[in-house]
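Keep it brief, with the cut-offs stated.

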Amino acid sequence: MEYKLKITYKMNEKELYDYNMFRMTHKSGNVVARAIIVACIYEAMILLVAWFTKFELYMYFIFCPLGILIFIGTLLFTKFKMKQSVNQLLYRANKEALMPETTIEITDNGLLITTPSRESEILFREIEKIEVGKQFLYLLISEHGEVGVPLRVFENLDQAKEFALEIRNGAPDAVHIGI
């Protein structure tokens, strides 16, 4: 088996938090988007009730800022809960198991992902999405979940894009963003 490219990395606690926030805003079950939708529905309900009950004009100046505060509060609460859940993970779990040193090798057939406790081969056809973001190279893999690679492990952004492009060449059907 010939290896085309190979990287090794180990996430730190901040990267684990940032990666989980990234996942929460990019996966199909987007938690942050749901929080925004709930806040918008609440604001719309306030305005509808105000309209049909013929509130005085000054009441709009009370309820609209209240709705905006609830909207902002919902976003901050979502971010706080995410940070809290990552901190609980770090507290309860073995940090080495949660953030192991990981090696990803691009082979002719796909990716070989190795950690101290396991080795997984991901075929190119299983890769559904490749995204180069501000902090991570993100791979959505059909049955195996996802993989996040901190961009700091590459010498520069061009090297990260080259790595992503090599994956994209093997997985042409995958959605690609930022490559």
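K6 counts as exposed, because its relative accessibility is 54%. Here buried means under 20% relative accessible area, exposed over 50%, and partly exposed in between (1.4 Å probe, protein chains only). The salt-bridge partner of K6 is E105. E105 is buried, with a relative accessible area of 8%. The pair links distant parts of the chain: K6 sits in strand β1 (residues 5–9) and E105 in strand β2 (residues 102–106), 99 residues apart. Helices (H or I, at least four residues) and strands (E, at least two) are DSSP runs, numbered from the N terminus.

This is a predicted model: local features need pLDDT of at least 70, side-chain atom pairs count only at pLDDT 80 or more, and totals for chains, interfaces and linings use all residues. Residues are numbered from 1 along each chain as its sequence is written, and side-chain values use heavy atoms, with hydrogens and water left out.

**Salt bridges**

A salt bridge is a side-chain nitrogen of Lys or Arg within 4 Å of a carboxyl oxygen of Asp or Glu. The count comes to four, including these:

| Pair | N to O distance |
|---|---|
| E105 and K6 | 3.9 Å |
| E15 and R152 | 2.4 Å |
| K129 and E131 | 3.4 Å |

E15 counts as buried at 12% relative accessibility. R152 is partly exposed at 45%. K129 and E131 are both buried.

**The sheet**

Four strands form an open sheet in the order β7-β6-β5-β8, with mixed pairing. β7 (145–150) and β8 (175–177) stand at the edges; each has a single partner strand, so one side of each lacks a neighbour in the sheet. Neighbouring strands are turned by 10° against each other on average, direction ignored. Two strands pair if DSSP finds at least two bridges between them. β5 (residues 127–132) and β6 (residues 136–141) pair in the antiparallel sense over five bridges. K129 stands opposite L140 in β6. Helix α5 (residues 157–170) packs on the sheet and touches β5, β6 and β8; its direction makes about 165° with that of β5. Contact means heavy atoms within 4.5 Å. Axes are lines fitted to C-alpha atoms, for helices over the stretch in contact, and angles run from 0 to 180 degrees between N-to-C directions.

**Exposed F61**

F61 lies in helix α3 (residues 57–92). F61 counts as exposed, because its relative accessibility is 60%.
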